[in-house]
Amino acid sequence: MRGLMQDVGLTLQMVTERVGELYGDKTVATKTAEGIRRRSYTEVVERVARLATALRQLGVKPGDRVGTFAWNSDRHLELYLAVPCMGAILHTLNPRLPADQIGYIADHAGDQIMFIDASLAPAWQQVPPVDSIHAVVVMDDVSEHGHDGAAVLPDALDYEALLASGADHFAWPRLDEGDAAAMCYTSGTTGMPKGIVYSHRSSVLHAMASLFVDCLALSERDVLLPIVPQFHVNAWGTPYAALLTGASLAMPGRFMADPPSLATLVAEEGVTVSAAVPTVWFGVLQAIRAGAVDPAKLSSLQRIVCGGSAVPEALLRGFDDLGIRMIQAWGMTETSPLGTVANVKSTLAEDRILPARLSQGIPAPSLRVRVVTDDERVAPWDGSTMGELQINGPWIADAYYDPQAPQGRGGQDRFTEDEAGRRWLKTGDVAVIDADGYVHLRDRTKDLVKSGGEWISTVELENLLVAHDKVREAAVIAVAHPKWGERPLACVVKADDSVTTEELLAHLGEHVARWQVPDDIVFVDEVPKTSVGKFDKKVLRQRYGDYQLPADHLPPA
Ligand code: AMP
């Protein structure tokens, strides 16, 4: 017997409709060069209808790709709503990628229109021409009231002028919840970037799950500051979650890497929750310690969602001391991105609480995780059997976009199916799962060091190194070794000039087996970062791949 309930498709149109009807007086605030620009959600929803009619006049049809090349802002939010709700596909591009990769991505996705922040116009001008793009629209984020965006790029349209050409009313088409809503390409630390296509259904379910108290606990009472870029996995889906629940938004514009601007935004908007990668939060702590940011400005901030790379204990404790709770989450472009969240279960014994907070967390409701060993066994949840993390659930990718493949479904070698017919994404992350269900990431498969047949976790060594007072940043890489295959080498940024190699190796020796201690330390001015702020170990491996390790280090047991 079938259930006798209404068959209502889960589409982003419900987000637009709900925020307009119920939360019109809430606001999105955007940091600009001249101050903070605020718009009510009523105004946003009106502008979204204008944008959709203007896009229709430009020839945008359902299924067309509309690209964005922009920072976090109210205008980018308008595109987040107008494009998917009219049945087109929002494709957010990462302006920090090399120009040729940006060109490759826009071409591969078949983008037809590109919306560009004026401040990013110089970066866009480096991108090789993309044949499919027939219109470029510039959003002036340089002068607050300026409408001269079009002057920045030849033949470009101005965003505000485009909106003015639209009509007040748009007849939103009926959409299928399985239709594509948005696309995002992986940051491509291995090989070329790969396209992920989110559906309306996956986007709505992801937003709903973010609201659960035991997930990110976003509520109508919150003011959310997504520092994680809107071009990186939809700012972790937080704008849709905020709109669905009626939380106000604060957008950092092009000032997302500037702690004093962020602190001002927190203070002026009364931000209660924020989300960003660890590097951003280290920057905020350093600015506080250097006296550049007054911690009183952060007094409204209650919690921080942090992920994208492992959260070191020193960072968690630094924010605990400020009375701000840092919640670690793990995810990928392929997982929309919310995969696991490190909330503390009420049944955990006292001594399990900190390890749980420092883990990547337990799967969000409706997701399943498992660890599969090298010999294809599903690992027990014992906290020690290591293997590749795999994930299944309604907002997990089922294919990579390949315009040449049937139905665009490429990359099938990254997916597998179990006896029950469940589909699993192979994440490329190496993990253990403990008896309480918490996932502890040990490494990326490609970053692990294999020494004398034994795996060494570079993440564990990095966490131990940054826990040392005299270390600011640490990245550990594998270096070829004639006898042991590979040995670890640590690249360290000093927090204190007096720190020595011997001191750091002795510190590590207190916590890990002697054969896991790196053979040497190189001191660097900074660890190279990828376009989304993660350690770029590829660059370090190129730089130190043939590094001569000292001969006298104790070999593996
Ligand atoms: P991206 O698709 O660019 O968001 O990158 C996803 C990758 O970032 C994951 O596969 C992990 O390797 C890494 N990552 C994300 N969150 C965490 C976390 N909390 N701890 C450690 N690594 C993480």
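The shell around the ligand holds 5 nonpolar, 9 polar and 3 charged residues. In this classing, Ala, Val, Leu, Ile, Met, Phe, Trp, Tyr, Cys and Pro are nonpolar, Asp, Glu, Lys and Arg are charged, and the others, Gly among them, are polar. The model is predicted: local features need pLDDT of at least 70, side-chain atom pairs count only at pLDDT 80 or more, and totals for chains, interfaces and linings use all residues. Residues are numbered from 1 along each chain as its sequence is written, and side-chain values use heavy atoms, with hydrogens and water left out.

**Ligand site**

Surrounding the ligand are 17 residues, where near means that a heavy atom of the residue lies within 4 Å. The closest are Ala-329, Thr-333, Asp-429, Arg-444 and Lys-534. Strands β14 (325-331) and β23 (439-444) each give at least two residues to the shell. The largest share, 4 residues, is from β14. Strands here are DSSP runs of E with at least two residues; helices are runs of H or I with at least four, and both are numbered from the N terminus.

| Protein atom | Ligand atom | Distance |
|---|---|---|
| Gly-308, backbone N or O | nitrogen | 3.0 Å |
| Ala-310, backbone N or O | nitrogen | 3.2 Å |
| Asp-429, side-chain N or O | oxygen | 2.7 Å |

On its own, the ligand has 500 Å² of accessible area, and the protein covers 90% of it. Areas use the Shrake-Rupley method with a 1.4 Å probe.

**Domains**

The assignment, automatic or from a database, gives domain 1 (27-338), domain 2 (366-443) and domain 3 (447-543). The centres of domain 2 and domain 3, taken over C-alpha atoms, are 27 Å apart. Their contact takes 6 residues from domain 2 and 7 residues from domain 3. Contact means heavy atoms within 4.5 Å.

**Helix α4**

In α4 (residues 99-109), Gln-101, Ile-102, Gly-103, Ile-105, Ala-106 and Ala-109 are buried, that is, under 20% relative accessible area. Their cover includes β3 (65-69), β4 (89-92), β5 (111-117), α5 (121-125), β8 (180-185) and β19 (400-401). Just after α4, Gly-110 has a positive phi of about 75°.

**His-206**

His-206 sits in helix α8 (residues 200-211). Its relative accessible area is 3%, so His-206 is buried. The His-206 side chain reaches the backbone nitrogen of Leu-338 at 3.1 Å. Beyond neighbours within four places in sequence, His-206 contacts Trp-236, Gly-237, Thr-335, Ser-336, Pro-337, Leu-338 and Trp-395.

Key:
Buried means under 20% relative accessible area, exposed over 50%, partly exposed in between (1.4 Å probe, protein chains only). A polar contact is a pair of N or O atoms within 3.5 Å; within protein, one must be able to donate a hydrogen and the other to accept it, and residues adjacent in sequence count only if both atoms are side-chain atoms.
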